[in-house]
Amino acid sequence: MIHDIIILGSGPAGLAAAVAARGRNKSVLVIGSRWQDSPLAKAERVDNFLGLPGRTGMEMLEAFFQHAAGLGTQFAVGKALSLLVWNGFSVTVGTQMYQSKALILAPGVVRSAKYPGEAEYLGRGVSYCATCDGMLYRNKPVAVVGLAPDAPQEAGYLKSLGCQVVYVSPRQPEGLDPDIPYVKAARLAVLGGQTVTALEADGALLPCSGIFILRRAIAPTDLLPELETENGSIRVDRRMATNLPGVFAAGDCTGAPLQVSKAVGEGHVAALSACEYLDSSNDQITNERT
């Protein structure tokens, strides 16, 4: 199934965009974490959302989610691992691929400072997806840099393929296979020649053929390298349109202020603009055929 709109992000901006798009009768898929895992869920009290003072972040998010779900929004829990722009958009989540005609970026703030050597060796030993690339390293030594809750399970998957796995993270992981060696380290660097040869972890060298860096989310600019940013935020116009055709953005990823009301408003605008983009594209196709 090809959706009209895929929304990356299940926070206030993404859910507001889903509500607005469903109001225009567009098919919508929201890809992201569980809404309960949103940073807003930790807020004990939100007093500045118009008409709804004194709510907890959890209460607000549940109401937002139920509103979007009640209108027929579809959801896929997981993180986008890759994004292909060709005749629309194809987003890979785990082993699944989802397609759409328009895309709304609403991932919140994704802090993704690269390790030394990470960008240089991406695709030459550095990977962000164990499911996608694990088979390439069967029977080879690999390092898993665990920065996401599901990283221990991904390390276990690599071990099941026959990879010789070492798990590296700043703190002791929960749920890691006891047979997988754990190295506590925070200062990391990727080393190699033509391809990766080792991970430097707090000064110690861990020889390996592959390094899987598993973060909570992948920055939009890693998914869409041509995406323009300004001061670390996605650059958008008044319509919440980015520099890429069919791609819109909303919420914290577009910059300050980092407020729920701003995220909701931008999500609504981004969805309406995406709907206009789809309608104009359909009109153009109709005119070309007549």
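This is a predicted model: local features need pLDDT of at least 70, side-chain atom pairs count only at pLDDT 80 or more; totals for chains, interfaces and linings use all residues.
Residues are numbered from 1 along each chain as its sequence is written, and side-chain values use heavy atoms, with hydrogens and water left out.

Let me begin with helix H1, which covers residues 12-23; helices here are DSSP runs of H or I with at least four residues, strands are runs of E with at least two, and both are numbered from the N terminus. H1 has 12 residues and reaches 16 Å from its first C-alpha to its last, close to the 16 Å expected at 1.5 Å a residue, where the expected span is 1.5 Å times one less than the number of residues. How many residues of H1 are buried? The count is 10 of the 12, so the helix is largely enclosed by the rest of the structure; buried means under 20% relative accessible area, exposed means over 50%, and partly exposed lies in between, with a 1.4 Å probe and protein chains only. Among the buried residues are Pro-12, Gly-14, Leu-15 and Val-19. After H1 comes Asn-25, whose phi is positive, near 65°.

Next, please find Ala-270, which lies in helix H6, residues 260-289. Ala-270 counts as buried, at 0% relative accessibility. Leaving aside neighbours within four places in sequence, Ala-270 is in contact (heavy atoms within 4.5 Å) with Ile-104, Arg-239, Met-240, Phe-248, Ala-249 and Ala-250.

Now to the charged side chains. The structure holds 10 salt bridges, each being a side-chain nitrogen of Lys or Arg within 4 Å of a carboxyl oxygen of Asp or Glu. One of them joins Lys-101 and Asp-4, at 3.6 Å from N to O. Because Lys-101 sits in strand E6 (residues 96-105) and Asp-4 in strand E1 (residues 2-8), this pair ties together parts that are 97 residues apart in sequence. Lys-101 is partly exposed at 40% relative accessibility, whereas Asp-4 is buried at 16%.

Another salt bridge links Arg-187 and Asp-202, with the closest N and O atoms 3.8 Å apart. Arg-187 is in the loop between strands E10 (182-184) and E11 (188-192), and Asp-202 is in the loop between strands E12 (196-201) and E13 (204-207). Here Arg-187 is exposed at 58%, while Asp-202 is partly exposed at 34%.
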